[in-house]
Amino acid sequence: MSKATLDRGVQILKEHIDAPTAAYFSSCVNCGMCADACLFYTETGDPAYTPINKLEPMRRLWEQEYTLVGRIKKLIGLSKPVTDEELGEWSDLVYHACSMCGRCSMVCPVGNDISYMIRNIREGISAAGYAPEGLIGATTRAVEIGSPMGITMHALNTQARNIKESSGLEIPFDREGVDYLVLLSSMEVINFPEYLEAIARIFKQAGKSWTISSEAFEATNSGIQIGVSDIARELVSRVVEAAEKLKVKTVVSPECGHAYTAIRWDGPNLMGRRFSFKVKHIIEVLDELREEGLLKVEGIEESCMTFHDPCQLVRKGGVIEQPRNLLKMIATNFVEMEDSGKMNWCCGAGGGVSAIEEAEGIRLKAFNRKKSQLEHLQVDTLVTACSNCRIQLEEGLEVNEMDIPVVGLTEMLADHLVEE
Amino acid sequence: MNHDKPLGQALREQGVSRRGFLKFCATTASLMALPPSMVPAIAKALESARRPSVIWLSFQECTGCTESLTRSHAPTLEGLIFDNISLDYHHTLQAASGDAAEAAREAAMEENKGKYLLVVDGSIPLGNPGYSTIAGISNLEMLKEVAEHAAAIIAVGTCAAYGGLPHAKPNPTGAVSVEEIIKDKPIVNVPGCPPIPVVITGVLAHFLTFGKLPELDHLRRPLAFYGNNIHDRCYRRPFYDKGLFANTFDDEGARKGWCLFKLGCKGPVTYNACATIKWNDGTSFPIEAGHGCLGCSEPNFWDMGGFYNALSESTMDLSRTAAVGIAVGAAAGAASGLLNRRKKSKAEAAHETVTVKDLQREEKS
């Protein structure tokens with residue numbers, strides 16, 4: 001195949017200027033409200049980080065290619081063609097300084113889904129060869145090894161053996177016709193092995209059958225984060241094929257926000273068809289078990305805690321009440337963060353930002369928003385339901401010398417299960 | 001009629017006192033915005049004036065203009081002056097008929113060649129000449145013939161001045177005004193449907209006194225009578241300024257005599273003397289009677305939108321223009337949409353699958 005060039009980038013951008021994108025560009029009234037909704041702008045004060053500005057090369061291409069005024073402007077030289085340098089420059093804006101959290105889309109007065117357009121412009125910039133090295137590496141590992149962090153089944157098997165040895169719990173692989181096909185994110189395998197044990201205990205208590213596919217255990221989709229639909233389709237089809245082969249009823253996304261969005265919302269669009277199974281986030285599944293009375297807990301957490309809403313859960317999935325229902329079972333001293341729920345501020349590391357080494361500076365700057373929220377609340381424990389958020393929160397708190405433990409909600413519930 | 005008797009003498013013989021005659025002269029002077037010093041001049045001129053010969057031609061009209069003059073509060077000085085000009089031809093008023101009537105016209109034209117006044121009411125059809133004829137002569141032919149040796153022409157009523165109701169859309173007879181046919185004679189338009197009688201006699205008095213026609217506006221109307229619009233002289237104007245309007249013909253505003261603007265009064269765009277001279281010997285005028293002005297002294301007043309639509313509403317039917325605009329817009333939109341769709345499909349068709357190997361740029365050597 002050919003190497004990445006400006007021509008390929010422009011070609012791909014033209015392809016991705018679809019009807020919604022065209023409608024959004026023509027509706028934009030340049031009010032700038034998206035700026036104040038974006039933590040990369042609020043924490044830096046740099047107007048270059050205004051969300052709609054991150055789309056400028058694509059907007060100009062849309063105007064030049066698809067509007068009369070733009071064609072005339074291009075003809076008489078008022079509108080300059082998109083250049084290689086420009087796409088390179090914009091790479092920093094769309095990859096380093098956007099977590100695709102969708103907060104800008106929520107405030108846009110004309111209803112423009114800006115994060116959707118960021119997803120589209122990434123297609124062009126990556127095809128032009130300006131995707132960050134870190135994301136290219138992660139994507140290559142995802143395609144070639146099966147996980148962006150290079151985790152193989154070997155590592156997962158080792159972990160399953162360890163769980164069996166320490167708790168006696170069996171981790172079921174490749175079982176057909178079970179209730180749940182559980183997916184994992186690499187981070188959970190490497191950083192938070194307690195997640196796998198937690199769901200093993202919860203499903204055992206609830207009497208639900210589940211399995212992990214040895215062919216497709218990875219939930220995250222680097223293809224979506226880097227913005228290459230061809231790769232994203234390849235990655236999501238691995239999960240879909242595995243789920244259909246094992247004839248499961250439900251595929252459970254792990255505690256990872258973008259993985260959930262990738263499978264549940266982008267997945268069917270990428271595949272161009274409906275799935276034969278349902279896709280749910282682990283928190284949705286747990287809340288269903290609670291409703292059915294299958295989640296029996298004991299003991300109450302007395303420390304003051306708050307919940308960090310992962311952006312993809314609340315803004316894309318509408319999963320707002322579920323984590324609170326679950327927390328109420330085990331916590332009495334629960335306080336809400338300012339802007340909690342669907343307008344919660346993002347951690348600053350989603351959408352691939354955490355995979356980009358050069359973005360560390362701005363990523364930690366963006367954390368200042370969460371920092372001031374937490375300083376205001378003075379909580380003892382921070383609970384969340386996304387391992388990517390969790391890593392960013394842990395790192396941010398450490399850098400700022402704040403001593404607040406960050407806990408995953410699933411593990412916390414597992415710790416309170418009634419022992420049988 | 002005796003053409004030799006001076007006007008003053010003729011008036012006195014009819015019982016009009018000198019005092020009454022001077023009063024008329026003063027009224028005429030003030031109406032026409034002439035200085036008071038002109039009153040004796042008018043009186044002298046009128047008194048000694050030899051009654052000019054007047055030929056009155058009625059074409060496509062309703063006789064309303066003649067009615068306006070003859071049925072005005074009688075006996076009036078206007079009426080009497082009218083009686084005492086030498087009205088040599090007027091097919092509604094004259095006793096003669098048929099060949100005798102036409103003979104009288106021809107005789108008057110011959111006798112007063114170049115001196116007689118021609119008064120016209122009604123419009124002239126340019127379509128089929130048979131639409132309106134007198135004694136077998138088409139209106140157009142008769143107008144041209146009589147106008148040829150006239151000293152001046154007075155077009156009385158909106159039909160003669162601007163085409164009037166026969167000219168209203170779709171104008172089936174091809175009606176036109178006098179000034180559209182006669183180009184080489186002094187013409188005064190005295191529009192109105194009908195015009196105020198004293199305006200007609202005022203113009204006559206001016207002609208008799210000064211031997212020429214009064215000063216005219218751009219529509220050839222005597223400025224003395226048509227210099228102000230109805231709205232500026234209307235006694236209801238203060239209500240307009242205060243924003244007090246009648247919204248229906250029987251609401252509180254209507255009963256209190258508030259401004260009729262919202263009920264379609266065309267006073268603001270109509271130039272005439274109704275609000276000052278009024279009608280029926282100064283008794284009243286339409287707005288005083290509770291109805292908005294129709295704008296009858298303005299060209300095309302019949303086709304200026306509904307009489308009851310406020311001036312701020314569109315006087316044109318925009319639905320057709322809008323429909324055409326929408327159709328053109330939709331077609332252009334669909335065409336550009338198709339073009340754009342084709343461009344996008346082309347880009348899609350040219351899509352080469354991107355793999356992880358395609359994400360690196362070629363190193364520049």
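In this predicted model, the crossing between helix 17 and helix 19 of chain A is left-handed. Helix 17 of chain A covers residues 282-291 and helix 19 of chain A covers residues 321-330. Their axes come within 9 Å of each other and cross at roughly 55°. Because of that angle, helix 17 of chain A counts as oblique to helix 19 of chain A.

Helix 17 of chain A contributes Ile283(A), Glu284(A), Leu286(A), Asp287(A) and Arg290(A) to the contact. From helix 19 of chain A, they are met by Gln322(A), Pro323(A), Asn325(A), Leu326(A) and Met329(A).

Attention can now turn to the strands. Chain A also holds an open sheet of three strands, arranged in the order 5-6-7, with parallel pairing. Strand 5 (305-308) and strand 7 (406-408) of chain A are the edge strands, each pairing on one side only. From one strand to the next, the twist averages 35°.

Strand 6 of chain A, made up of residues 381-384, pairs with strand 7 of chain A in the parallel sense, over three bridges. Within this part of the sheet, Leu382(A) has Val406(A) in strand 7 of chain A as its bridge partner.

Definitions and conventions
Residues numbered from 1 in each chain as written. Chains lettered and ligands numbered in written order. Predicted model: local features only at pLDDT ≥ 70, side-chain atom pairs only at ≥ 80, totals over all residues. Axes fitted to C-alpha atoms, helices over the stretch in contact; angles between N-to-C directions. Helix = DSSP H or I, 4+ residues; strand = E, 2+ residues; numbered from the N terminus. Parallel < 35°, antiparallel > 145°, perpendicular 65-115°, else oblique. Left-handed = near helix turned anticlockwise from the far one by under 90°. Contact = placed C-beta atoms within 7 Å. Pairing = 2+ DSSP bridges.
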